[in-house]
Amino acid sequence: MEKLVSLAKRRGFFFQSSEIYGGIQGIYDYGPLGVVLRNNVKRAWWRTMVELRDDVVGLDAGIIMNPKVWEASGHVQNFTDPLVECKKCHRRYRADELTSDRCPLDGGELTDARRFNLMFKTFIGPVEDSSTQVYLRPETAQGIFVNFANVLNSTRMRPPFGIAQIGKAFRNEITPGNSIFRLREFEQMELEYFVPPAEEMKWLDYWKDQRFEFYQSLGIRKENLRLRAHEKDELAHYARGAFDVEYSFPFGWSELEGIAARGDYDLSAHQRASGRDLTYFDDLIRERYIPHVVEPSAGVDRTMLTLLIDAYHEEEVRGEQRVVLKLHHSVTPVQVAILPLSRKDELTTLAKKVEHELRPYFRTEYDDTQSIGKRYRRQDEIGTPFAITIDFESLNDNAATLRSRDEMTQVRVPLAQLRGALVDHLR
Ligand code: ATP
């Protein structure tokens with residue numbers, strides 16, 4: 001984990017936020033490569049969950065909502081963690097994460113647990129009092145529930161159908177940590193899938209399998225993934241069943257995504273509190289009901305951390321150590337690096353031309369700094385699956401060397417055939 005975090009900083013995946021001022025806990029900034037990796041994760045999710053389906057539509061709701069939303073949803077009352085404090089050093093902990101009833105650092109006595117609400121508060125408008133207090137959303141899901149009737153009335157969707165959303169969420173976590181695993185500002189990818197009540201468990205079963213497959217399609221190794229059913233005593237009181245997709249992180253098996261059957265809890269609560277009709281009338285069976293919901297809820301940052309951890313390899317090559325990120329080509333920030341062997345004009349001109357020709361089709365990077373060995377090492381470390389080297393021979397034979405990251409093979413390919421060869425490999 002330490003090595004990965006240092007690589008992430010060195011190569012520009014992510015940095016501690018406001019680092020020059022000493023940072024701020026639980027917030028990270030994403031660098032040039034991190035942004036591309038994130039966007040690729042979000043694009044893959046949106047593609048499978050929305051674009052390739054005819055039963056899901058998208059939504060982008062505000063981060064700040066009417067505070068009545070969070071009263072109705074139960075977050076004001078219940079979105080809390082048990083907080084304890086060491087009487088000696090005043091460090092604070094989540095009581096449910098401790099293994100003893102003493103301070104893990106100095107053995108000091110702990111206070112009784114109090115319920116600490118994780119929602120960030122701010123004010124809307126120029127007056128700061130309790131009537132103008134609002135929250136930063138701690139999940140994107142509620143934006144979907146309160147728009148349920150709007151989507152139903154403005155589209156042709158009917159249950160079973162889903163509404164998907166990707167966006168920032170904020171939680172004032174007591175103990176953020178493990179790099180970008182537990183953050184105070186993060187991004188979620190959530191689907192609320194509305195179904196006829198009798199079909200809820202069938203769809204829970206369907207979505208848990210779909211979601212488990214999704215992580216494998218991003219190239220994450222199956223042996224590091226598992227689906228875990230929630231025990232009865234873990235379930236929220238309204239939930240009929242839930243599964244976590246878990247990954248074997250360096251700090252143990254932990255949640256990547258939660259998939260829960262939430263019954264009609266959310267829509268009923270908002271119908272009660274708002275007085276608006278959130279039922280659906282099925283004119284085929286002439287029945288009116290509040291749809292039940294199955295919710296797969298994933299984190300962009302956690303998926304990104306998982307991809308990086310799973311891809312990180314150290315290998316011994318001819319007596320030297322090589323660090324390589326074996327990221328799947330669909331998500332990796334750079335797919336093809338174009339490297340002129342030297343900075344001689346003839347070579348850089350040809351290399352730039354090759355790069356410009358490939359750029360519309362692949363994520364490319366041109367690099368003419370340092371020795372070729374160092375440049376290969378950099379591309380291995382950022383997970384670039386292919387590198388094209390333009391050498392002096394290229395000027396005569398109109399061909400280049402295509403090097404593969406994983407096999408480390410080098411083959412000579414005519415310039416005119418590079419695009420075709422790459423399409424075959426990166427499909
Ligand atoms: P935990 O029990 O670990 O606090 P949770 O069960 O409350 O998590 P959910 O509310 O189910 O988490 O959130 C759905 C997903 O959102 C999680 O699986 C995770 O990927 C992401 N997520 C939740 N909280 C955080 C956080 N603090 N930092 C980063 N990602 C998060």
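User: How many bridges join strand β19 to β21, and in which sense do the strands run?

Analyst: In this predicted model, strand β19 covers residues 336-340, and strand β21 covers residues 386-390. The two strands run parallel, and the number of bridges that join them is five.

User: Which residue of β21 is the bridge partner of Pro340?

Analyst: Pro340 belongs to the pairing between β19, residues 336-340, and β21. Its bridge partner in β21 is Ile390.

User: Which residue of β22 is the bridge partner of Thr389?

Analyst: Strand β22, residues 399-404, pairs with β21 in the antiparallel sense over four bridges. Within β22, the bridge partner of Thr389 is Thr401.

User: How many of the residues of β21 are buried, and which ones point the other way from Phe386, Ile388 and Ile390?

Analyst: Strand β21 is mostly covered, with five of its five residues buried. A residue counts as buried if 20 or more other C-beta atoms lie within 10 Å of its own. Phe386, Ile388 and Ile390 point one way from the strand, and the residues that point the other way are Ala387 and Thr389.

User: Which element gives the most residues to the shell around the ligand?

Analyst: At least two residues of the shell come from each of β10 (185-195), β13 (252-263), β16 (292-299) and α9 (300-311). Of the 16 residues around the ligand, those that come nearest are Leu183, Phe186, Gly258, Ser297 and Gly299. The element that gives the most, with four residues, is β13.

User: How many residues of the shell around the ligand are charged?

Analyst: Sorted by class, the shell has four nonpolar and four polar residues, and the number of charged residues is eight.

Terms used
Residues numbered from 1 in each chain as written. Predicted model: local features only at pLDDT ≥ 70, side-chain atom pairs only at ≥ 80, totals over all residues. Buried ≥ 20, exposed ≤ 12 C-beta atoms within 10 Å, placed from the backbone. Pairing = 2+ DSSP bridges. Near = placed C-beta within 6 Å. Nonpolar A, V, L, I, M, F, W, Y, C, P; charged D, E, K, R; others polar.
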